[in-house]
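Me: I would like to learn how to read a protein structure. Could you take me through one step by step?

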Amino acid sequence: MLGREKGPMFNFFKKKEKEYYDVIGAPIKGEAVPSAEVNDPTFAEEMLGKGMAIKPAEGKVYAPFDGEVAMVFDTKHALSLVSEKGTEVLIHVGLDTVMLKGEHYTVYVESGVAVKKGDLLLEFDMEAIKAAGYEVITPVVICNADDYKDVIRTTGKQVEPGDTVMELDK
């Protein structure tokens, strides 16, 4: 018995971590906040779906998971993605920024393109957007949240791109 490695029997006593059906990473570096902090009722009241928002620390948006770009808005301020597991996510950079008609945004992807978690999707000039009178808070919305039993959100802390901000349970 001496010198024998600890086998699976000892793992029996370890607490098993819950596995979620799908996990959404932070698409932006910044402060993760509840949807209620978004100064727009469409997002604050979660009319488009459950989610959260990020107060950006930099003007770069990354893929929050492996999946596909479903749509890039003509005005470049928002895009929607679908994860490999079918989760539909809207990333909306700023509030009322549709009015900028794409100014201050650079998009690196197009509809139908496959993306890997961490791929750079778009960049935006935070200071120019603020100078034009718009907020840069970025709602991240699960548009098909009704397909899930639960959406667990992690807010109230600084996040880096890829950090888990939402976990979805079937």
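Reply: Gladly! Accessible areas come from the Shrake-Rupley method with a 1.4 Å probe, and for residues only the protein chains shown count as cover. Here the protein chain has an accessible surface of about 9,600 Å², and 49% of that belongs to carbon and sulfur atoms. This is a predicted model, where local features need pLDDT of at least 70 and side-chain atom pairs count only at pLDDT 80 or more, while totals for chains, interfaces and linings use all residues. Residues are numbered from 1 along each chain as its sequence is written, and side-chain values use heavy atoms, with hydrogens and water left out.

Me: How many helices and strands does the protein chain have?

Reply: Helices (H or I, at least four residues) and strands (E, at least two) are DSSP runs, numbered from the N terminus. This protein chain has 3 helices and 14 strands.

Me: What percentage of the residues count as buried?

Reply: Buried means under 20% relative accessible area, exposed over 50%, and partly exposed in between (1.4 Å probe, protein chains only). Of the 170 residues in the protein chain, 42% count as buried.

Me: Which residues have the most contacts inside the largest nonpolar core?

Reply: A nonpolar core is a set of buried Ala, Val, Leu, Ile, Met, Phe, Trp, Tyr and Cys residues joined through side-chain atoms within 4.5 Å. The largest one here has 35 residues, and Val61, Leu81, Leu121, Phe124, Ile142 and Met166 have the most contacts inside it. Several elements each supply at least two residues of this core, including strand E6 (78–83), strand E10 (120–124) and helix H3 (126–131). Apart from it lies another core, of 9 residues, among them Val33 and Phe43.

Me: What does Leu121 touch?

Reply: Contact means heavy atoms within 4.5 Å. Leaving aside neighbours within four places in sequence, Leu121 is in contact with residues including Val61, Leu81 and Val109. For the protein chain, take the contacts between residues at least 6 apart in sequence: 70% of them join residues at least 24 apart.

Me: Is Ser35 buried or exposed?

Reply: Ser35 is buried, with a relative accessible area of 8%. You will find Ser35 in the loop between strand E2 (30–34) and helix H2 (41–44). A polar contact is a pair of N or O atoms within 3.5 Å; within protein, one must be able to donate a hydrogen and the other to accept it, and residues adjacent in sequence count only if both atoms are side-chain atoms. The side chain of Ser35 makes one with the side chain of Glu46 (3.0 Å).

Me: What is the phi of Glu46?

Reply: First, the general idea: most residues other than glycine have a negative phi. Glu46 has a positive phi of about 55° although it is not a glycine. Glu46 sits in the loop between H2 and E3 and, at 23% relative accessibility, counts as partly exposed. Lys76, in the loop between E5 and E6, also has a positive phi, near 65°.
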